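I opened the model today to look at strand packing and ring pairs. My notes follow.

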Amino acid sequence: RDSVASRGLGDVYKRQAMGYWLVIDLEATTEEGGWPVEHMEIIEIGASLVDADGHEIDHFQRFVRPLRRPMLTRFCRQLTHISQAEVDQAATLPVLWPQFERWLEPHHPRLQGWCSWGDYDRQQLEQDWQHHGLVSHLQTLAHLNLKRRFTEERQLPRPIGLNAALQLAGISFSGQQHRALNDARNTARLLLLVMARRGVKRNT
């Protein structure tokens, strides 16, 4: 899987410049101070499929019911604005993930890769796929850590958060922060900037 993730993304983008990119953001169970990834569970999936011009082609958003710690902490509810009732009424990841794959399937021929702001989302997905015995088309695609790439592009001393990166780029955050689809759509705006300025380079 790591070898797939480290493929030369620049060559892929040049070869099929009109392809699509999938931007994913996850919200997960947490507490003030944070939890290790192995203790976290996905509670919301947001995905924005964009073309080479940054236009959204399609999107996906679902709440997910956690199993190991089904009760959200107060901190988690306040951070994400996701209610306990919303996750209680949602499907679990093993039920929901096939829905995501069916949604994505028609876009496979033009899908060049997927990205997220930082590496957490990839780690969380890979952990949960393994835990639940799930497979995904994303496992066959290159992953772009856009936070790392933006840090390199702007020659920043350290990585910064999504909202700070948008401000640095002269862009206002659109929508409610820490909601999966909103965060994915705002991340997509930075993806376009990075591609336009440097193209997509190798992800290590």
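Which residue stands opposite Leu144 in S5? I found Cys115 there. This is a predicted model, where local features need pLDDT of at least 70, side-chain atom pairs count only at pLDDT 80 or more, and totals for chains, interfaces and linings use all residues. Residues are numbered from 1 along each chain as its sequence is written, and side-chain values use heavy atoms, without hydrogens and water.

**Strands.** I took helices (H or I, at least four residues) and strands (E, at least two) as DSSP runs, numbered from the N terminus. S4 and S5 pair (at least two DSSP bridges) in the parallel sense, over four bridges. I then checked burial in S5, residues 142-145. Buried means under 20% relative accessible area, exposed over 50%, partly exposed in between (1.4 Å probe, protein chains only). Ala142 and Leu144 are buried on one side, His143 and Asn145 on the other.

**Rings.** I paired rings of Phe, Tyr and Trp (its six-membered ring) with centres within 6.5 Å; planes under 30 degrees apart count as stacked, over 60 as edge-to-face and the rest as tilted. That gave six aromatic pairs. Phe60 and Phe100 have ring centres 5.2 Å apart and planes at 90 degrees, so this pair is edge-to-face. Phe60 is in strand S3 and Phe100 in helix H5, so the pair ties together parts 40 residues apart in sequence. Phe100 is buried at 0% relative accessible area. Trp97 and Phe100 have centres 4.4 Å apart and planes at 25 degrees, so they are stacked. One aromatic cluster holds Phe60, Trp97, Phe100, Trp103 and Trp129.
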